[in-house]
Amino acid sequence: MSVAAIQIGTLARRAVVRTARQPANVFFPLVFPMLLLAVNSGGLKAETRLPGFPTDSFLAFALAVPFVQGALLATINANVEFARDIQTGFLNRLALTPVRGITLLVGQLGGLVTIALVQAVFYLAVGLAFGVRLESGIGGAALLLALELVIALGFAAMGSWAALRTGSTEAVQSLFPVFFVFLFISSMNIPRNLIETDRFRWVATANPVSYLIESVRALVIEGWNWEAIGLGFAVAGGLSLIGFTLAAHALMRRLERT
Amino acid sequence: MNDTLTVARAVAWRSLNNVFKNPAIFLPSLLFPLFFFTAFVGGLSAVANIPGFDFPNGYTAFQFVFVLLQSAAFTGVFTGFGMARDFENGFMRRLMLAAPSRSGIVVGYAISTLIRWLAVASLVTVVALIAHMDVGGDGVDLFGLYVLGLLLNIAGTLWATGVAMRLRTQQAAPVMQMPVFLILFFAPVYVPLGLLKGWIHGVASVNPITALLEAGRGLISGRPELTLAAFAIVAGLVLGFAAWAIRGLRRAEAAG
């Protein structure tokens with residue numbers, strides 16, 4: 001195994017272990033999306049009686065939301081820890097070692113993505129336990145996890161950028177409401193074609209989070225809708241690429257300062 | 001009594017000064033209700049077309065009541081976050097040493113939260129009116145609605161105060177927030193109680209917040225229902241959580 005791979009593995013493991021050692025950081029991202037799912041699937045079940053609603057199970061319709069929300073929660077929490085590394089000087093000490101900057105970033109992101117994947121498996125298991133059947137089958141479940149990986153990478157990269165750019169735990173925490181707003185002004189609770197308010201439909205259409213949710217939702221309730229799946233991967237991939245580029249640039253600048 | 005009022009006034013002034021001068025603290029409590037309102041009214045207005053949805057004043061007024069009450073409860077919770085922060089940075093310990101009447105501390109935080117919520121409620125109301133909310137109730141009905149919110153705001157503050165006084169750390173935030181979130185959302189948030197089916201109907205039927213929501217919706221539509229029950233429930237919450245907060249204060253005192 002190459003030195004870089006060992007370094008990436010070590011840093012990723014550190015990110016995972018550090019999160020796992022803080023029960024609040026494990027419990028909250030697992031439970032909160034499930035509670036929101038329970039609340040919405042109970043409260044909005046009547047929505048399935050609207051003409052044109054794509055399924056008769058609101059639980060199946062809403063199951064896509066925890067995947068995006070969970071990725072968001074996990075990566076924000078973990079990036080708060082990354083910002084703490086900067087505040088406490090850990091990153092500076094790491095910069096004195098032979099670890100390359102890009103290795104550090106990949107290791108950090110790898111850890112965050114691993115956490116998000118574990119959560120995704122949990123959400124999927126809960127959905128299946130409560131009677132949701134994936135229209136895309138076992139292959140769809142595998143693709144769903146791959147999609148979750150890219151979504152989590154996108155959020156993680158943006159969060160890491162914020163952590164590296166500001167070096168402040170508060171600044172990273174303040175990203176949560178921003179992402180949360182994007183979630184709420186998306187098609188999370190109703191298909192876009194059933195949104196009656198034109199301005200809200202326009203906002204939901206322009207909101208990239210809608211495409212992330214709709215791609216996961218397509219795998220659950222529609223099957224192999226390649227347009228929705230492709231859009232989801234494209235948005236998540238674009239977010240990852242932009243986030244990674246910004247984070248890498250911010251890391252280089254921070255190491256220069258060091 | 002004079003000591004309590006003096007301490008309460010000083011604590012309220014400091015808390016309001018902190019909140020209004022620090023956008024990072026004030027903006028979330030201001031923006032969250034607005035985003036909920038926008039998301040629910042803008043995104044879910046089609047829900048009003050579901051057969052059996054019988055609220056006469058439209059979905060905007062239906063959701064306004066929820067958002068108003070939710071903002072009341074959550075503004076109280078946000079104050080709890082501030083108290084926990086004051087414990088962590090040592091300010092609360094100094095305050096307890098200096099205050100001749102420590103119950104004035106709780107009263108002061110409650111007053112500041114009330115003023116903070118009035119600012120939030122005013123903005124949410126203006127936004128709802130701009131969104132053409134149909135109001136069927138008269139002045140007395142609307143006054144009743146806002147008093148209901150105000151009492152819920154006090155109850156929320158006292159709940160969060162009790163938690164903050166016992167745990168004295170910002171890590172207690174989910175403990176303050178999660179039960180409030182759950183009790184609010186396990187009520188008929190999106191559709192009337194009659195349209196809820198299954199387990200959520202059972203939970204909502206015994207949830208005390210359901211009566212508050214139904215009374216609030218009755219007041220805004222000018223067809224009051226469950227109003228007395230709602231006021232009795234919220235008065236009970238205020239009394240119960242006042243005891244919870246004061247006992248928490250005693251524990252904080254005992255902890256030094």
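This is a predicted model: local features need pLDDT of at least 70, side-chain atom pairs count only at pLDDT 80 or more; totals for chains, interfaces and linings use all residues.

Reader: Okay, how many residues of chain B are in contact with chain A?

Author: On the chain B side there are 28 residues, and they are in contact with 25 residues of chain A. Helix H2 (23-44), helix H7 (173-185) and helix H8 (199-206) of chain B each supply at least two residues of the side that touches chain A, and H2(B) gives the most, with eight residues.

Reader: And how do the residues on that side of chain B divide into nonpolar, polar and charged?

Author: The side of chain B that touches chain A has 20 nonpolar residues, seven polar ones and one charged residue.

Reader: Which residues in H2(A) are buried, and what do they pack against?

Author: The buried residues of H2(A) include Asn25(A), Pro29(A), Pro33(A) and Leu37(A), as well as Gly42(A) and Gly43(A). Within chain A, the buried residues of this helix pack against helix H1 (3-20), helix H3 (58-62), H4 and helix H6 (101-129), and they also pack against H7 and H8 of chain B.

Reader: You mentioned H4, so how do H2(A) and H4(A) lie relative to each other?

Author: Their axes come within 9 Å and cross at roughly 155°, and the two helices are therefore roughly antiparallel to each other. The crossing of H2(A) with H4(A) is right-handed. Among the residues that make the contact are Phe28(A), Phe32(A) and Met34(A) of H2(A), with Val65(A), Gln69(A) and Leu73(A) of H4(A). By class, the contact of H2(A) with H4(A) has eleven nonpolar residues, four polar and no charged.

Reader: What about H4(A) and H11(A), at what angle do their axes cross?

Author: The axes of helix H4 (residues 64-88) and helix H11 (residues 208-222), both of chain A, come within 8 Å and cross at roughly 135°, so H4(A) and H11(A) are oblique to each other. This crossing of H4(A) and H11(A) is right-handed. The residues in contact include Ala64(A) and Phe67(A) of H4(A), and Leu212(A), Ile213(A) and Arg217(A) of H11(A). The contact of H4(A) with H11(A) divides into nine nonpolar, no polar and one charged residues.

Reader: Changing topic, what is the phi of Arg168(B)?

Author: Arg168(B) has a positive phi of about 55°, although it is not a glycine. Most residues other than glycine have a negative phi. Arg168(B) sits in the loop between helix H6 (139-167) and H7 of chain B, and it counts as buried because 20 C-beta neighbours lie inside 10 Å.

Reader: And where is Leu226(B)?

Author: Leu226(B) is in the loop between helix H9 (208-221) and H10 of chain B, and its phi is near 60°, a positive value in a residue other than glycine. Leu226(B) is partly exposed, with 19 other C-beta atoms within 10 Å.

Reader: Last one, which helix holds Phe231(B)?

Author: Phe231(B) lies in helix H10 (residues 227-255) of chain B, and it is partly exposed, with 17 other C-beta atoms within 10 Å. The C-alpha atoms of Phe231(B) and Leu212(B) are separated by 7.7 Å, while the two residues are 19 residues apart along the chain.

Notes. Residues are numbered from 1 along each chain as its sequence is written. Chains are lettered from A and ligands numbered from 1 in the order in which they are written. Two residues are in contact if their C-beta atoms, placed from the backbone, lie within 7 Å. Helices (H or I, at least four residues) and strands (E, at least two) are DSSP runs, numbered from the N terminus. Ala, Val, Leu, Ile, Met, Phe, Trp, Tyr, Cys and Pro count as nonpolar, Asp, Glu, Lys and Arg as charged, and the others, Gly among them, as polar. Axes are lines fitted to C-alpha atoms, for helices over the stretch in contact, and angles run from 0 to 180 degrees between N-to-C directions. Angles under 35 degrees count as roughly parallel, over 145 as roughly antiparallel, 65 to 115 as roughly perpendicular and the rest as oblique. A crossing is left-handed if the near helix is turned anticlockwise from the far one by less than a right angle, and right-handed if clockwise. A residue is buried if 20 or more other C-beta atoms lie within 10 Å of its own, exposed if 12 or fewer, and partly exposed in between; C-beta atoms are placed from the backbone.
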